Amino acid sequence: MQEGEPRLQSYFSDGTYTKHLSYKPISTEESSRYPAVLTRAQSELMNYNGLGISVLEMSHRTPDFTHIITSAESLLRELLNIPENYRVLFMQGGGTGQFGAVPLNLMGLKEDRCADYIVTGTWSKKAAKEAEKYGKVNVIHPEADQYTGIPDSSSWPLNPSASYVYYCCNETVHGIEFNFIPDTNGVILVTDMSSNFLSRPVDVSKFGLIFAGAQKNVGSAGVTIVIVREDLLGKAYKECPTILNYAVQAKNNSLENTPPTYSIYIVKLVLEWLKNNGGTDTMNQLNNQKSSMIYDVINSSNGFYLCPVDEACRSRMNIPFRIGNLEGDTVLEQQFLEGASKLGMISLKGHRSVGGIRVSLYNAVTVEETQALAAYMKEFLNKHQK
Ligand SMILES: *Cc1c(COP(=O)(O)O)cnc(C)c1O
């Protein structure tokens with residue numbers, strides 16, 4: 001690696017929402033702190049475990065792959081303290097696949113075949129739309145098209161005969177995060193944690209089901225993790241495709257058909273990295289620290305940087321903001337992105353549906369990298385504020 005060349009992110013580059021923020025070459029100290037997943041994967045790529053073949057070539061029915069998938073599961077159980085009566089599934093189809101799988105498996109839990117969807121942004125809106133194909137959906141907060149917060153939970157018109165209540169724990173595009181677990185009065189709770197999975201400890205026992213596509217915070221694209229309470233299995237619609245059927249996948253230990261083997265292997269490496277770096281408690285502290293650094297710059301910028309999200313539910317993972325005014329001064333924003341890119345800080349452009357800037361601070365982004373970005377934001381502010 002050349003001096004000053006943008007380097008791949010500490011343990012992982014997820015391809016979808018890449019998190020490269022650093023322009024410093026990896027120091028020896030840093031690389032020992034982050035026994036990089038990519039380095040490990042590279043070293044094992046051609047010859048896994050002395051077998052003379054790659055995980056990429058390995059059958060999913062071999063003892064070596066069984067070891068990989070069972071290790072991934074037990075690491076996850078340990079890191080999240082998952083109770084015994086929950087199953088961990090490694091599925092395909094991404095978060096979007098789960099938008100269909102959840103209603104196909106759970107809508108029939110009660111006779112009325114209806115579910116409550118708390119819509120707080122792009123992803124929960126899409127999930128609600130998909131679920132409408134399979135049952136009655138009660139959309140809570142339907143009027144909003146500008147998502148800037150979570151409506152007061154005491155005003156949610158929850159339906160006591162709903163099969164489940166669904167919400168998105170962290171809205172990746174709009175930067176809205178639930179810092180509390182909604183009270184559903186006993187109705188099964190389902191959540192999409194794709195973009196804040198393992199960013200903090202979570203009381204799994206409060207949920208009927210948690211799912212997360214791996215590519216944001218826990219691995220590479222291709223595998224989706226589902227944690228589901230055992231007693232909810234077996235009520236799927238008969239039309240539910242076999243590969244999306246939780247009971248079938250649970251019975252076969254996620255090996256009903258060929259799973260995304262290499263992605264599961266990468267998840268296992270990331271979980272080992274997490275465990276060796278303090279687990280979810282440490283991630284929680286670091287994520288508080290990192291996000292505060294960016295929000296502090298925004299809050300003390302006298303309106304130069306504007307984050308539209310209510311303070312109480314600002315995401316620690318994805319921080320969207322505009323520059324100059326709430327609609328965004330597109331000339332300044334372009335300059336901001338170009339200047340950042342020159343420093344090796346890329347992928348800061350907001351989601352194409354909302355524009356502006358978005359900082360994603362997934363677990364792999366370091367405090368030092370976040371500091372570099374905060375410093376750049378201050379410098380840009382001093383240069384351009386009128
Ligand atoms: C990215 C994302 C999705 C969609 O994931 P795919 O794997 O692309 O289908 C769903 N929910 C959330 C919260 C996301 O961030």
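A residue counts as buried under 20% relative accessible area, as exposed over 50%, and as partly exposed in between, using a 1.4 Å probe and protein chains only. By that cut-off helix α4 is mostly covered, with 11 of its 13 residues buried. The model is predicted: local features need pLDDT of at least 70, side-chain atom pairs count only at pLDDT 80 or more, and totals for chains, interfaces and linings use all residues. Residues are numbered from 1 along each chain as its sequence is written, and side-chain values use heavy atoms, without hydrogens and water.

**Overall fold**
- The chain holds 10 helices and 12 strands. These are DSSP runs numbered from the N terminus: H or I of at least four residues for helices, E of at least two for strands.
- Of its 386 residues, 55% are buried.
- Contact means heavy atoms within 4.5 Å. Among contacts with a separation of 6 or more, 68% join residues 24 or more positions apart.
- Accessible areas follow the Shrake-Rupley method with a 1.4 Å probe; for residues, only the protein chains shown count as cover.

**Helix α4**
- α4 spans residues 94-106. Its 13 residues reach 18 Å from first C-alpha to last, close to the 18 Å expected at 1.5 Å a residue. The expected span is 1.5 Å times one less than the number of residues.
- The helix bends by about 25° at G100. A proline, P103, follows within four residues. The bend is the angle between axes fitted to the seven residues ending at a position and the seven starting there.
- Its buried residues include G95, G97, Q98, F99, G100 and P103.

**Ligand site**
- The ligand is surrounded by 13 residues, and the closest are T96, T172, D192, Q215 and K216.
- A backbone N or O atom of G95 sits 3.1 Å from a ligand oxygen atom.
- In the side chain of D192, an N or O atom is 2.6 Å from a ligand nitrogen atom.
- In the side chain of Q215, an N or O atom is 2.9 Å from a ligand oxygen atom.
- The ligand has 390 Å² of accessible area on its own, and the protein covers 88% of that.

**T172**
- T172 lies in the loop between β5 (170-171) and β6 (176-177).
- T172 counts as buried because its relative accessible area is 1%.
- Its side chain makes a polar contact of 2.8 Å with the side chain of S195. A polar contact is a pair of N or O atoms within 3.5 Å; within protein, one must be able to donate a hydrogen and the other to accept it, and residues adjacent in sequence count only if both atoms are side-chain atoms.
- Beyond four places in sequence, T172 touches W123, S195, K216, N318, R358 and Y362.

- L233 is in the loop between β9 (224-229) and α6 (246-251). Its relative accessible area is 19%, so L233 is buried.
- Leaving aside neighbours within four places in sequence, L233 contacts R87, V228, Y246, A247 and A250. The C-alpha atoms of L233 and A250 are 8.5 Å apart.
- H351 is in the loop between α9 (330-342) and β12 (357-360). At 14% relative accessibility, H351 is buried.

Notes. A residue is near a molecule or strand if one of its heavy atoms lies within 4 Å of it.
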